[in-house]
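Biologist: Could you take a close look at one part of this model for me? I'd like to go through it piece by piece.

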Amino acid sequence: MTPLDAKRPLQLNDQGQLRHFLSLDGLRRELLTEILDTADSFLEVGARAVKKVPLLRGKTVCNVFFENSTRTRTTFEMAAQRLSADVITLNVSTSSASKGETLLDTLRNLEAMAADMFVVRHGESGAAHFIAEHVCPQVAIINGGDGRHAHPTQGMLDMLTIRRHKGGFENLSVAIVGDILHSRVARSNMLALKTLGCPDIRVIAPKTLLPIGIEQYGVKVYTDLAEGLKDVDVVIMLRLQRERMTGGLLPSEGEFYRLFGLTTARLAGAKPDCIVMHPGPINRGVEIESAVADGPHSVILNQVTYGIAIRMAVLSMAMSGQTAQRQFDQEKAK
Amino acid sequence: MSLPNPADLISQMAVDLNAHLSKRAIAEPRFIGIRTGGVWVAQALLKALGSASPLGTLDVSFYRDDFSQNGLHPQVRPSELPFEIEGQHLVLIDDVLMSGRTIRAALNELFDYGRPASVTLVSLLDLDAAELPIRPDVVGATLSLAPTERVKLSGPAPLQLELQDLAL
Amino acid sequence: MKLSILGARVIDPSSGLDQVTDLHLEAGKLIAIGAAPAGFAAVDVIDAKGLVAAPGLVDLNVSLREPGYSRKGNIASETRAAAAGGVTSLCCPPKTKPVLDTSAVAELILDRAREAGNTKVFPIGALSKGLEGEQLAELVALRDAGCVAFGNGLESFRNTRTLCRALEYAATFDLTVIFHSQDHDLAHGGLAHEGPTASFLGLSGIPETAETVALARDLLLVEQSGVRAHFSQLTSARGVALIAQAQARGLPVTADVALYQLILTDEALIDFSSLYHVQPPLRTRADRDGLRAAVKSGVVSAISSHHQPHERDAKLAPFGETEPGISSVELLLPLALTLVEDGLLDLPTLLQRLSAGPAEALRLPAGKLAIGAAADLVLFDPSTSTVAGEHWLSKGENCPFLGHALPGSVRYTLMDGRISYQA
């Protein structure tokens with residue numbers, strides 16, 4: 001049994017609907033498509049003058065961020081607000097956690113304040129799974145990023161970006177470039193692309209930034225950027241963090257940029273209508289040239305809009321799945 | 001019970017609607033069908049009226065009042081309103097009027113687009129089972145059903161009504 | 001006391017005895033196998049028909065958590081749990097608080113163990129002061145206080161020369177050193193075996209080379225210093241291959257593995273369950289198969305529980321914030337019987353790896369059914385099963401086997417002829 005074959009029912013209710021959103025593995029193609037379709041509807045809402053719908057009115061969404069993030073946090077806040085939910089955001093710095101209150105206690109206190117849903121971002125892989133298992137199962141848990149493991153809403157907004165700009169996934173060639181080893185975005189993207197039927201998924205990185213056993217995702221590995229970008233339709237650039245240099249994984253940002261940085265010249269090897277994506281924030285001159293980030297191929301700013309719609313879809317679907325499970329349990333109890 | 005033929009109802013509804021609109025001096029209304037059955041009825045109605053007006057489609061999934069009981073409808077599609085709502089006279093069309101909650105949701109959604117000058121409600125069937133003070137301005141037929149009976153419209157062509165008994 | 005145990009299938013791996021017969025005990029010693037001695041009248045009799053009688057199990061790695069970690073366990077509770085698992089002699093590692101690097105701590109442990117009276121305890125002393133890997137601990141004083149061997153746990157010596165000197169000192173006094181070979185830098189920050197599962201889960205990995213690089217170094221230092229060496233808690237097929245090579249060229253080293261390493265692989269981590277968070281980590285199926293083959297061939301002559309009980313909070317956090325360890329000594333015999341059920345080992349061989357094998361590795365007075373020796377025995381029923389967790393004795397509930405039905409049940413454990421556990 002490889003990890004990808006294992007069943008993971010924790011985030012699904014008895015009818016196979018989302019009741020938590022923890023990671024993209026174990027989710028059927030139909031479910032991922034439903035998320036994309038629902039997000040399309042929310043994009044239309046976002047284009048109206050009144051961008052709110054009353055769907056989650058009276059519900060409380062709690063953003064619990066153990067890891068700092070302005071971008072993800074604000075888009076989740078906006079998504080919840082546009083669903084008319086009440087939003088609380090808690091930035092739990094690691095120092096307050098080390099003052100003795102366990103993660104479990106923090107969440108149980110919030111739950112006691114009648115939160116209906118938690119969006120959690122944490123530095124440890126598996127944090128969202130842990131919370132979904134040990135906090136009351138009635139509370140929907142949305143994973144806003146856990147360690148290196150998963151960032152499922154980012155994965156889905158990247159898929160929505162690709163679908164809206166390229167139509168579908170069947171004949172596509174997609175390249176993911178950069179620090180795959182430490183990237184939860186890369187892991188979520190590889191899983192989503194595979195499930196949605198993308199036939200040519202490529203990862204491009206030096207060996208030090210590739211995880212062991214990456215073949216299990218069904219991707220092709222390249223260590224040469226020019227070769228890897230040949231005729232691709234989509235390029236997803238990943239952020240390179242400073243720490244990689246001090247950890248001995250790379251000699252310098254300069255050398256990384258020379259070998260793996262996306263410049264206009266390098267992009268010329270891809271298809272002429274290739275789109276360029278990045279989860280942000282961008283390190284100009286480290287993984288991407290400014291001209292490319294701001295250029296005609298870039299859809300980086302659109303990704304932010306799609307992100308709000310995806311998060312609205314996921315929040316609604318998870319809340320809906322919890323409701324359905326409650327009903328199912330009540331029926332069974334009769 | 002024998003169900004009426006939708007095509008017959010729609011011819012009469014076209015006549016009634018014209019009368020209603022001219023009585024109120026409404027010259028260029030905007031037509032909006034509620035997905036999915038209301039859109040089929042609206043398309044047939046526009047044909048019967050000989051009108052080339054664009055048709056807006058409204059998905060009310062995000063405005064329903066039963067989210068806490070029933071969750072999200074699985075087949076959500078974007079609404080498409082190819083015209084302004086602000087200051088316009090609207091003709092809102094649905095297939096079956098039962099509790100009135102779908103219409104309430106539709107009104108709430110429309111008002112988030114803008115402030116209409118008026119809304120005329122047209123429904124193929126009225127089951128006389130309103131739970132809210134909502135009445136159609138133009139209706140094809142009024143039916144009374146047993147508590148376990150439901151009626152369903154299939155379409156878009158031909159339009160057909162079917163009776164279902166939930167107890168069976 | 002005069003006790004006769006009648007009609008058991010008596011298996012003593014050291015002597016090759018495997019026969020349905022009677023055992024007779026007096027004054028805490030085994031005085032006869034087979035017919036009772038002339039004039040012997042048993043005061044108590046155990047009808048052991050259908051049961052297997054074997055030497056009491058010898059577990060080389062059981063954390064008793066006392067002194068210093070009372071939330072996780074204490075000598076009374078953990079030795080009681082061990083007795084339930086069929087254990088009559090156990091070794092506890094030096095990682096206590098304070099560390100077992102002074103004779104006072106060794107004496108405390110031995111006193112408590114005697115008071116509790118559940119199993120015999122043979123402490124492992126720290127090789128370096130505070131287990132810091134810098135200054136040599138007073139090995140001879142510790143030996144005189146009752147320590148049977150010395151180790152530094154997973155904390156490696158940062159300076160190879162210091163380690164070499166420590167081994168030479170131990171060799172001077174014919175003291176056994178226990179190695180948990182792991183390269184500090186290669187293992188640093190790792191939570192799981194560096195392989196596809198850890199990559200998928202986003203957990204930082206501990207490569208196989210963390211074990212093999214350190215093993216290669218340690219084996220060469222053992223050769224150079226001539227110290228008696230026992231290698232503990234091996235996890236990789238490559239690792240046991242290195243041990244086999246060393247044994248083949250005449251190096252008298254012994255080795256043990258944790259029982260759970262023979263059963264579980266890193267695939268168990270797939271749902272981030274902290275119950276499977278152990279150090280050194282669970283590795284791949286190929287590694288598990290390599291370990292199993294080494295246990296079968298005898299390259300690894302001892303199976304231990306690697307018992308590490310924890311309080312609930314230690315495991316109730318995201319994976320990377322939990323403490324490593326499985327609490328399982330009270331399942332030692334039934335869990336080990338799964339290896340017989342799987343067809344890997346026959347029963348006498350399994351019992352050898354659980355009794356004589358470990359005893360010989362550390363030269364302990366245990367693991368044999370010998371006339372005139374202390375009557376340390378386990379009586380178990382191979383035909384019934386044990387539902388793990390029904391009557392849990394350890395303070396640590398961190399056991400992934402809870403709720404499972406395991407083959408066989410311990411019916412009596414006897415230490416010095418006295419019943420220390422009865423089902």
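Biologist: What is the order of the strands in the open sheet of chain A, and which pairing do they have?

Modeller: Keep in mind that this is a predicted model. The open sheet has 5 strands, and they run β7-β6-β5-β8-β9 in chain A, with parallel pairing. At the edges you find β7 (220–222) and β9 (275–277) of chain A; each has a single partner strand, so one side of each is left without a neighbour in the sheet.

Let's zoom in on one pair. Strand β5 of chain A, residues 173–177, pairs with strand β8 of chain A, residues 234–237, in the parallel sense over 4 bridges.

Helix α7 of chain A (residues 184–195) lies across β5, β6 (200–204) and β8 of chain A, and runs at about 170° to β5(A). Helix α6 of chain A (residues 152–166) lies across β8 and β9 of chain A, at about 165° to β9(A). That puts β8(A) on the list for α6(A) and also on the list for α7(A).

While chain A is on screen, here's its contact with chain B: 22 residues from chain A and 17 residues from chain B take part. The area buried between the two chains is about 1,700 Å², with carbon and sulfur atoms giving 59% of it. There is 1 salt bridge between them, where the side chains of Arg48(A) and Glu109(B) meet at 2.9 Å, N to O.

Definitions and conventions. Residues numbered from 1 in each chain as written. Chains lettered and ligands numbered in written order. Predicted model: local features only at pLDDT ≥ 70, side-chain atom pairs only at ≥ 80, totals over all residues. Heavy atoms only, no water. Contact = heavy atoms within 4.5 Å. Buried area = accessible area lost by both parts, 1.4 Å probe. Salt bridge = Lys/Arg side-chain N within 4 Å of Asp/Glu carboxyl O. Pairing = 2+ DSSP bridges. Helix = DSSP H or I, 4+ residues; strand = E, 2+ residues; numbered from the N terminus. Axes fitted to C-alpha atoms, helices over the stretch in contact; angles between N-to-C directions.
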